[in-house]
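Biologist: I have not looked at this one before. Can you put it up and take me through it?

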Amino acid sequence: LTRHSTMVVGPTGGGKSVILDTLASAQKKAFEWPTTLLPLNPKSITTDELYGTLDPATRDWTDGLLSKIFREMNMPHPPDKPC
């Protein structure tokens with residue numbers, strides 16, 4: 001069970017996507033757990049956009065992409081919409 005993230009690195013064409021898809025399918029089949037993959041390229045955005053930022057003057061926190069994804073993924077499912 002991975003709660004936050006998994007990083008797979010390797011050369012182009014090395015099978016990274018195939019491995020992730022296979023692991024997700026195996027988890028679904030073996031444990032009957034809902035499994036969602038949300039691939040992103042952390043190099044395409046700034047660190048503040050990825051993790052979030054704290055305004056030093058007001059101490060207000062602005063969520064980054066990962067914070068928003070984690071919050072959305074951990075919302076309870078409505079009873080009328082199964083996983």
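Modeller: We can begin with S67, which sits in helix α3, residues 65-73. Keep in mind that this is a predicted model.

Biologist: Which residues is S67 in contact with, leaving aside its neighbours within four places in sequence?
Modeller: Y51 and W61.

Biologist: What lies 3.5 Å from a polar atom of the S67 side chain?
Modeller: The backbone oxygen of Y51.

Biologist: Let me step back. What pattern does the protein chain follow along the sequence?
Modeller: The order is α-α-β-β-α. That comes to three helices and two strands.

Biologist: How does the radius of gyration of the protein chain sit against that of a compact globule of 83 residues?
Modeller: The protein chain has 16 Å, whereas such a globule would be near 12 Å. Along the principal axes, the C-alpha atoms fill a box of roughly 50 × 40 × 15 Å.

Biologist: What share of the residues counts as buried?
Modeller: Of the 83 residues, 10% do. The protein chain exposes about 7,400 Å², and 58% of that area is supplied by carbon and sulfur atoms.

Biologist: And what share of the contacts with a separation of 6 or more comes from residues 24 or more positions apart?
Modeller: Those residues account for 20% of them.

Biologist: Back to single residues. Where is T35?
Modeller: T35 is in the loop between α1, residues 16-31, and α2.

Biologist: Is T35 buried or exposed?
Modeller: T35 counts as buried, because its relative accessibility is 17% and the cut-off for buried is under 20%.

Biologist: What does T35 touch, leaving aside its neighbours within four places in sequence?
Modeller: T35 is in contact with A24, Q27 and K28. With Q27 there is also a polar contact of 2.9 Å, side chain to side chain.

Biologist: What about E32, where does that lie?
Modeller: E32 also lies in the loop between α1 and α2. Its relative accessibility is 71%, so E32 counts as exposed, the cut-off for that being over 50%.

Biologist: What is phi for E32?
Modeller: About 55°, a positive value, although E32 is not a glycine. R59 has a positive phi too, near 65°, and is likewise a residue other than glycine.

Biologist: Where is R59 placed?
Modeller: In the loop between β1, residues 52-54, and β2, residues 61-63. R59 is exposed, with a relative accessible area of 59%.

Biologist: One more residue, D48. Which helix is D48 found in?
Modeller: Helix α2, which covers residues 47-51.

Biologist: How far apart are the C-alpha atoms of D48 and D63?
Modeller: They are separated by 8.7 Å, and the two residues are 15 residues apart along the chain.

Biologist: Last topic, charges. How many positive and negative charges does the protein chain have?
Modeller: There are 9 positive and 9 negative charges. The mean positions of the two sets are 8 Å apart.

Note on methods: Residues are numbered from 1 along each chain as its sequence is written. This is a predicted model: local features need pLDDT of at least 70, side-chain atom pairs count only at pLDDT 80 or more; totals for chains, interfaces and linings use all residues. Side-chain values use heavy atoms; hydrogens and water are left out. Helices (H or I, at least four residues) and strands (E, at least two) are DSSP runs, numbered from the N terminus. The radius of gyration is taken over C-alpha atoms; the globule rule is 2.2 Å times the number of residues to the power 0.38. Buried means under 20% relative accessible area, exposed over 50%, partly exposed in between (1.4 Å probe, protein chains only). Contact means heavy atoms within 4.5 Å. Accessible areas come from the Shrake-Rupley method with a 1.4 Å probe; for residues, only the protein chains shown count as cover. Lys and Arg count as positive and Asp and Glu as negative; His and the chain ends are not counted. The place of a charge is taken as NZ of Lys, CZ of Arg, CG of Asp or CD of Glu. A polar contact is a pair of N or O atoms within 3.5 Å; within protein, one must be able to donate a hydrogen and the other to accept it, and residues adjacent in sequence count only if both atoms are side-chain atoms.
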